[in-house]
Every structure is written in structure tokens, then in C-alpha cells.
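Please keep the sequence and the model in view while reading.

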Amino acid sequence: MLNALTALDLPHGDLVVPAIGLDPATMISYGTVNVPRNTAAYGLGQADHIHVSPDEAIDYSSVVDRPADVAAELVARLIADHRAATGLR
């Protein structure tokens with residue numbers, strides 16, 4: 001998604017504040033899609049939405065040059081916030 005957004009010819013500053021969220025945040029599971037799972041969680045500890053509060057600005061060029069690194073950081077924050085909100089570990 002970051003590649004698609006930075007490919008658009010939109011005005012931007014030197015610094016950007018990336019944000020991420022899920023709405024609705026139901027039926028979330030952790031792991032990788034290529035590893036079969038034999039467990040699931042239904043309805044317990046669900047959150048209506050999870051939004052990572054944007055808290056720091058980064059260079060726009062970092063988003064363009066290293067989108068995977070920026071995305072990994074955003075996803076890590078999203079998972080941490082979801083676990084905190086739901087009590088899941």
C-alpha cells in the first residue's frame with residue numbers, strides 16, 4: 001500500500017506521519033499465511049477498532065526508499081496495540 005500511495009503524484013512535505021488501523025478489528029490472527037494453524041479464536045477479546053496513534057514524523061524519502069521497513073514498524077505497532085486492547089498475547 002505504501003508503494004501505491006507514494007507512486008501517486010500528490011503534494012507532500014519532507015516529513016510525513018504514517019498511520020495504520022483496522023476497522024472493524026474482528027477475527028484477527030497472528031502469524032504467517034503460509035503456515036497452517038490448528039487453533040482459532042472466535043469472539044473473545046475482540047476490539048471494535050485498532051488505530052495506531054501517529055506519534056512521530058519520518059522523512060518522506062524513507063517511505064519511498066524503504067517501504068517494507070516502514071510497513072513492518074507500523075504493523076508491529078498495530079499488533080502491540082491490538083494485544084494491549086484485547087489482553088491477547
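Arg-77 counts as partly exposed at 21% relative accessibility, where buried means under 20% relative accessible area, exposed over 50% and partly exposed in between, with a 1.4 Å probe and protein chains only. The model is predicted, so that local features need pLDDT of at least 70 and side-chain atom pairs count only at pLDDT 80 or more, while totals for chains, interfaces and linings use all residues. Residues are numbered from 1 along each chain as its sequence is written, and side-chain values use heavy atoms, with hydrogens and water left out.

**Salt bridges**

- The chain has 3 salt bridges, a salt bridge being a side-chain nitrogen of Lys or Arg within 4 Å of a carboxyl oxygen of Asp or Glu.
- Arg-77 forms a salt bridge with Glu-56, with the closest N and O atoms 3.3 Å apart; this pair links distant parts of the chain, since Glu-56 lies in the loop between β3 (50-52) and β4 (58-59) and Arg-77 in helix α3, 21 residues apart.
- Arg-77 also forms a salt bridge with Glu-73, where the closest N and O atoms are 2.8 Å apart, and both residues lie in helix α3, 4 residues apart, or about one turn of the helix.
- Glu-56, Glu-73 and Arg-77 are thus linked in a network of salt bridges, in which Glu-56 is partly exposed at 42% relative accessibility and Glu-73 is partly exposed at 41%.
- Arg-66 and Asp-69 meet through their side chains in a salt bridge at 3.7 Å, N to O, with Arg-66 partly exposed at 44% relative accessibility and Asp-69 partly exposed at 49%.

**Fold and core**

- The chain has 3 helices and 4 strands, running α-β-β-β-β-α-α from the N terminus on; these are DSSP runs numbered from the N terminus, helices being H or I of at least four residues and strands E of at least two.
- The largest nonpolar core has 7 residues, namely Leu-2, Val-16, Ile-58, Tyr-60, Val-63, Val-70 and Leu-74, where a core is a set of buried Ala, Val, Leu, Ile, Met, Phe, Trp, Tyr and Cys residues joined through side-chain atoms within 4.5 Å.
- Val-63 touches Leu-2, Thr-6, Val-16, Ile-58 and Val-70, not counting residues up to four places away in sequence, with contact meaning heavy atoms within 4.5 Å.

**Burial**

- Of the 89 residues of the chain, 19% count as buried.
- Leu-8, in the loop between α1 (2-7) and β1 (15-16), is partly exposed with a relative accessible area of 46%.
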